[in-house]
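Trainee: Can we go through this structure together? I have some quick questions.
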Amino acid sequence: MAERLFPVDARDVTVRVGGHEALRGANLHLDGRGRIVILGANGAGKSVLLRVLHGLMAPTAGAITWAGSERRPNQQAMVFQRPVMLRRTAIANIEYAMAVNGTGHSEAELRAREAIEHVGLANVAQRQARALSGGEQQRIALARAWALRPRLLYLDEPTASLDPTAAAEVERIVGRIYAAGTAVVMTTHNLGLARRFADEIVFLHEGRIVERTPADRFFREPASNEARWFLQGELPWNTASPAI
Amino acid sequence: MSDILASFVAAARLVTGGDPNLWSVVSLSLEVSLAAAVLACLIGLPLGTWVGVRDFPGRRAVIVSLNALLGLPSVVVGLIVYLMLSRAGPLGSLGILFTPTAIVIAQTLLVLPIVAAMSRQFAEDAWQEYREQLLSLGVTPTRAVPTLLLDLRYSLLTVVLLGFGRAASEVGAVMIVGGNIDGVTRVMTTAIALETSKGDLPLALGLGIVLIVVVLALNAAAFAVREWSLARHG
C-alpha cells in the first residue's frame, strides 16, 4: 500500500548550514492543491526550504512531517536547476528512476517511452543523456520525474540555466504535469514565470517565510514590505529596511 | 657499449623468435597478475565506492588507513603472507607457499589498497555531483554503489589497469612467497632479477622489453578508453 504524502508540514524549521541559518523558524503547510511558487532574493533560503520539504535536508531544529509521519514517502520528485544525468541513454535514465522505485522492467520501458514522448524528446531517446543540450537534459529530468507519477513535484529554479525557448518549453511541460494531477512547488527568480504559473506565492526573506499570499494579490498588493521592495527591485542586500 | 648492444640484439631475437623459456615466464606472469587484479577489483571497487558514499562512524580512520596502505612496503606484505602460509603458520596446512596461488595472494594484498583508495576518491567526487539527484529518486547510498560503479566505469577501468600494472611489476613480495622456482613460480620481474645477477643480460633484457611493452600498452589503453568515454558521454 502506498504511503500517504499529504499534508506536508514544516513546523518551526530551522536549518543551519556552515554556521549560517539558511532557514529560520519556517512554518509551511502543503495540502497537495494548487501551484506554489517560492520567491525571494538570492540566499533567502528558497532552495533549502525545497530540500527540507522533499526530505533531502534534515532540519537543525523543528520538524517536517508527511501525513503526520517523519518517514519520507516516495510519491514526490524533484527537478534541480542543473539536472544530473547518468552516463547512459536518455531513455535509460528514465527507466533507472523507475527501476529503483520497484517498477517492473516492461512497465518501466512503457512508462519511460510515454514520458519521453510527453516532453517531446522521443527522437533523442537512444542518445547519450550527457551529450544532450541543457534544455534537453532538463526536459529529460522532467520526464524522469513525471514517469514516477509523483503526487508532488518540486522544481528548483528549473529554467534558470536555460535560454528563453528552452525555458518556455520547460514551463509548458510543467503546466502539463500539473494538469495531469501533480501538485507543484517551484522556486524561481523569474517573476514572469511566477505570475503566469503560480496560484500562491510563498515569499522568503533572509531565511524567514515572510508571507504566503494568493498570486494575483501578491503581485498587486504584497502583504509585506520586503516583498514589495523585492517586486520593485529595491530589496537591499542583507538589511531589513529599504535603502530609501 | 658493444656488449650492451649485443645484449639488446640477442634480447630482440628472444622476444621475436618465440623463445619458449621467455614466453612461459611471460605467460605465468600475466596469469597471476591478472588473477590478482581481478580479485583485488572484485573486493576493492565496491569497498572503495561504499566508503566513498556512506557516512559511518570511523569513516575518516578507514580512509586514512586505506591511503596509508598505499605506501605499504611490498616486502612486508611478502613477509606477512610468507608467515601465514609457511608450514608453522595458520594457513600452512593449505600447502600453497611457493606456488602461483601464493603469488596471487601477495599481489592481491598489494593491489587491493590501490584499487580501494582510488575508487573511494572517484566515488566521493562523483557523489558530490550525484547525491541529491539519486537521493531524490529514492536511491539509498548503498543502492548507489552499483549505480556509481557502472557510471564511473571508464574512470575505474584506469584503476583496474593500474592495479594490473602494479601486480605485474612487483618483485619483492613475489620473490618471498613464490621462491622464483623455474617453471613453477618464476615471473618476469623475479626472472629479470635472477638473470641479471647471473649475467644473462639478453634474457633479462628480453623480459624487460616485454614488461615495458605490457605497461605501456595498458597505459595507452587506459588513456584511449578515457578519451573515448569523454567524447561519448561528456
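Mentor: We'll take the chain contact, then some backbone details, then a helix pair.
Mentor: This is a predicted model: local features need pLDDT of at least 70, side-chain atom pairs count only at pLDDT 80 or more, and totals for chains, interfaces and linings use all residues. Residues are numbered from 1 along each chain as its sequence is written, and chains are lettered from A and ligands numbered from 1 in the order in which they are written.

Trainee: How many residues of chain B are in contact with chain A?
Mentor: 14 residues of chain B contact 15 residues of chain A. Contact means that the C-beta atoms, placed from the backbone, lie within 7 Å.

Trainee: Which elements of chain B give two or more residues to that side?
Mentor: They are α5 (100-136), α6 (141-151) and α10 (201-233) of chain B. Helices are DSSP runs of H or I with at least four residues, strands are E runs of at least two, and numbering starts at the N terminus.

Trainee: Which one gives the most?
Mentor: α5(B), with 6 residues.

Trainee: And by class?
Mentor: That side of chain B has 4 nonpolar, 5 polar and 5 charged residues. Ala, Val, Leu, Ile, Met, Phe, Trp, Tyr, Cys and Pro count as nonpolar, Asp, Glu, Lys and Arg as charged, and the others, Gly among them, as polar.

Trainee: New topic. What joins A:Phe6 and A:Pro7?
Mentor: A cis peptide bond, with omega about 0°. A:Pro7 sits in the segment before β1 (8-17) of chain A.

Trainee: What about phi of A:Asp12?
Mentor: That phi is near 50°, a positive value in a residue other than glycine. A:Asp12 lies in strand β1 of chain A.

Trainee: Why does A:Asp12 count as exposed?
Mentor: Because A:Asp12 has 12 C-beta neighbours inside 10 Å. The cut-offs, with C-beta atoms placed from the backbone: 20 or more others within 10 Å is buried, 12 or fewer is exposed, in between is partly exposed.

Trainee: And B:Phe98? Where is that?
Mentor: In the loop between α4 (74-85) and α5 of chain B. Phi of B:Phe98 is near 65°, also positive in a non-glycine residue. B:Phe98 has 19 C-beta neighbours inside 10 Å, so B:Phe98 counts as partly exposed.

Trainee: Last one. How do α2(B) and α10(B) cross?
Mentor: The axes of α2 (residues 20-53) of chain B and α10(B) come within 11 Å and cross at roughly 40°. So α2(B) is oblique to α10(B).

Key
Contact = placed C-beta atoms within 7 Å. Axes fitted to C-alpha atoms, helices over the stretch in contact; angles between N-to-C directions. Parallel < 35°, antiparallel > 145°, perpendicular 65-115°, else oblique.
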